[in-house]
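Student: I would be grateful for a close look at one part of this structure. Could you please take me through it step by step?

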Amino acid sequence: MYICQKILFLLTCAYIILLPLIPQGIGFRGVSFTDLILALIIFVYIINSVIFKRARENFINGIREFFTDKLGIFMAILLAIMLASTFYAVDKKLALNESARFISYVFMYFVIKYEFNNKKQINILIKSYMFLSFVLCSIGIVQYFTGFALDEKFIKTYEFGGAIRIASTLSHPNAYAGYLILIIFPVIMLSIYEKNKSKKIVYILFSILVFTNLLMTYSRNALLGFAIGVVVLALLYSIKLLFAFSGFGILTLLIPSVFHRVRDITNLAQNESRIKLWKTALMMIKEHPLLGVGNGNYVSQYDTYIQKYRLDYNSYTHYPTHNSYLKVQSELGIVGIVSFLGIVITGLFRVKKLYSTTRDKFHNAFYMGVMASMVAFLFMNLSDNLFFVPKATTYFWFLLATAEALLNNPNKKII
């Protein structure tokens, strides 16, 4: 049993580190390498639960707790409506694919919460996540100066010169910005709380590296998200942070390319396309209020609605909603959006409970930062589909799972 658990843990660490680093096209017979790792995790977990009595009892107890816990119930309801929607979705393959992806989030959440719920393992998982973030940020810096593995459409020219929007290994700057928002505030809080001078310097330099990468994505959504996160962190920790970050923000606005992107936030011409996408989602919601059009099927139905209502949307075709909440409601109806919001709200309360009750200074600082990052990430989903970008949103579920694992610690030594 010990060997199986160790293999399971090492595979999970590998999955956390490799998911954004390995291109989707690399794999075996059409299956990506990271999906193969996930399949291996599932296989080892099943074998461990079948062969060993203690593992089997742990699995059964986990299932019982999952379906009686508020967060688990909301996740189960959302998954159920996703699977049910495959029967009435026009594009059933797309509905199944998106449902399968959500199952992978639920599975990883379950494994981390009920198998790795001790302080040592969770700390290793967190450090694996931080190591990955350092690697991605290092790649981002190289990409900015060399254009390495960067799509040409993200190299733009303005009146003051050129600007490169980095994406690191996440294919799109907005997706990478979403990933960075999830890590930046935990690292900032660690740099504030840490007493050891050497570690403090490392955290400060890491925070600067992440923030530099965030700026170089030139994501308007991320800049707003960061501002929201700063306000949340100021309310949770100290209002003095507002003054510190305000001064820092003014300095960043002196960078012409950053100022240009901030100015574009109020540019109606820049936002017109998203508004049209949201209006289309509202049309679907109006026609399918209870069940939606099927999981993932907003994109499939988009062109149909454009033609049906004779909308003049130029060349837009098969576009995503650019709003995760409208996507969920247009595709899964009232039950879908209620359960989705239930997960989000309950998750925030669980993270709050952890950092408010733990006596571990590292966890207190880290998860206070996680709270600010999650709120910022949720805000960013008002104008993007980051919840449906696996290489970014996996880490939202990962952070939530690690918080739940610490709260679920059977020895209760961490609080």
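This is a predicted model: local features need pLDDT of at least 70, side-chain atom pairs count only at pLDDT 80 or more; totals for chains, interfaces and linings use all residues.

Tutor: Asparagine 117 sits in the loop that joins α5 (92-115) to α6 (119-146). Its relative accessibility is 13%, and because buried means under 20%, asparagine 117 counts as buried. A polar atom of its side chain lies 3.4 Å from the backbone oxygen of asparagine 408.

Asparagine 381 is placed in the loop between α15 (361-380) and α16 (390-407). Its relative accessibility is 0%, so asparagine 381 also counts as buried. Leaving out residues up to four places away in sequence, asparagine 381 touches Asn323, Ser324, Tyr325, Leu386 and Phe387. One of these, tyrosine 325, is 56 residues away along the chain, yet the two C-alpha atoms are separated by 7.3 Å. With phenylalanine 387 there is a polar contact: the backbone nitrogen of phenylalanine 387 lies 2.9 Å from a polar atom of the asparagine 381 side chain.

We may now turn to the nonpolar residues. The largest nonpolar core has 111 residues, of which Tyr129, Tyr179, Phe226 and Tyr367 touch the most other members. Helix α7 (residues 173-193) gives the most to this core, contributing 14 residues. Tyrosine 129, setting aside its neighbours within four places in sequence, is in contact with Ile16, Tyr179, Leu182, Ile183, Phe366, Tyr395, Phe398 and Leu399. Apart from this core lies another, of ten residues, including Ile285, Tyr298, Tyr305 and Ile306.

Note on methods:
Residues are numbered from 1 along each chain as its sequence is written. Side-chain values use heavy atoms; hydrogens and water are left out. Helices (H or I, at least four residues) and strands (E, at least two) are DSSP runs, numbered from the N terminus. Buried means under 20% relative accessible area, exposed over 50%, partly exposed in between (1.4 Å probe, protein chains only). A polar contact is a pair of N or O atoms within 3.5 Å; within protein, one must be able to donate a hydrogen and the other to accept it, and residues adjacent in sequence count only if both atoms are side-chain atoms. A nonpolar core is a set of buried Ala, Val, Leu, Ile, Met, Phe, Trp, Tyr and Cys residues joined through side-chain atoms within 4.5 Å. Contact means heavy atoms within 4.5 Å.
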